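Morning, everyone. Have a look at the screen.

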Amino acid sequence: MKRSLKVAIVFFIIISSVIVGCAQSDSKSQDAKQFSNAEIVLSELPAYNGEQYEGVIVKVYVNNENVIYGYEIEGSTGYYKYGEDIVAAGISTIGQNTLNSIKIFTEDKVEEKIDVEYLKCILPNMKNNDGSQEANVLLNSAVLGLYSIQVSYGSEFINVVKVKE
């Protein structure tokens, strides 16, 4: 099966799961568990074991119940020169917009760090399945978007890996 078709199917399943999950529950901790359907995307990601990668590395932090509770983006794509690198721009936009959206649209606590070629966004409550459904959807969407960039442009520019507790 072509990777672009596979990504489209994964995207459809995640969106369908989110819609169904929204209709089913009001409890914050229950929402986090219902929205943990990230397994569909996470199953595509290799586990991170400290290896070195070319380009940008995106570490997706996942708890024991496959709930995404944060991400870390580090490095440079090398796709094109600074200021004209569309791969880097896409990665940066997803990372920063997700972080800003969580801070503005949710009440979840966020541990963040932003530096040159580095962004970290961790939601400690989500790690314990006590985060909001909105934050969970935003994190799942970010991982899907970042993985889609990897599929579209190649692992020589970006690698999305999971770090499981």
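Two strands count as paired if DSSP finds at least two bridges between them. Helices (H or I, at least four residues) and strands (E, at least two) are DSSP runs, numbered from the N terminus. This is a predicted model, where local features need pLDDT of at least 70, side-chain atom pairs count only at pLDDT 80 or more, and totals for chains, interfaces and linings use all residues. Residues are numbered from 1 along each chain as its sequence is written, and side-chain values use heavy atoms, with hydrogens and water left out.

Start with strand 1, residues 56–62. Which strands does it join? Strand 2 is one partner: six bridges, running antiparallel. Here Lys 59 stands opposite Glu 72, and Val 60 stands opposite Tyr 71. Strand 5 is another partner: seven bridges, running parallel. On that side, Val 60 stands opposite Lys 162.

Now move across to strand 4, residues 118–122. Strand 2 pairs with strand 4 over five bridges, in the antiparallel sense. Glu 72 turns up again, opposite Lys 120.

Next, burial. Buried means under 20% relative accessible area, exposed over 50%, and partly exposed in between, with a 1.4 Å probe and protein chains only. In strand 1, seven of seven residues are buried. In a regular strand, side chains alternate between the two faces of the sheet. Val 56, Val 58, Val 60 and Val 62 point one way; Ile 57, Lys 59 and Tyr 61 point the other. Strand 2, residues 68–74, has six of its seven residues buried, so it is largely enclosed by the rest of the structure.

What about the core? A nonpolar core is a set of buried Ala, Val, Leu, Ile, Met, Phe, Trp, Tyr and Cys residues joined through side-chain atoms within 4.5 Å. The largest one has 33 residues. Val 58, Val 60, Ile 91, Cys 121 and Leu 123 have the most contacts inside it. Helix 6 gives the largest share of this core, seven residues.

Last, the helices. The axes of helix 4 (residues 86–105) and helix 6 (residues 133–153) come within 9 Å and cross at roughly 175 degrees. That makes the pair roughly antiparallel (angles over 145 degrees). Axes here are lines fitted to C-alpha atoms over the stretch in contact, and angles run from 0 to 180 degrees between N-to-C directions.

That's the tour. Thanks.

Technical notes. Angles under 35 degrees count as roughly parallel, over 145 as roughly antiparallel, 65 to 115 as roughly perpendicular and the rest as oblique.
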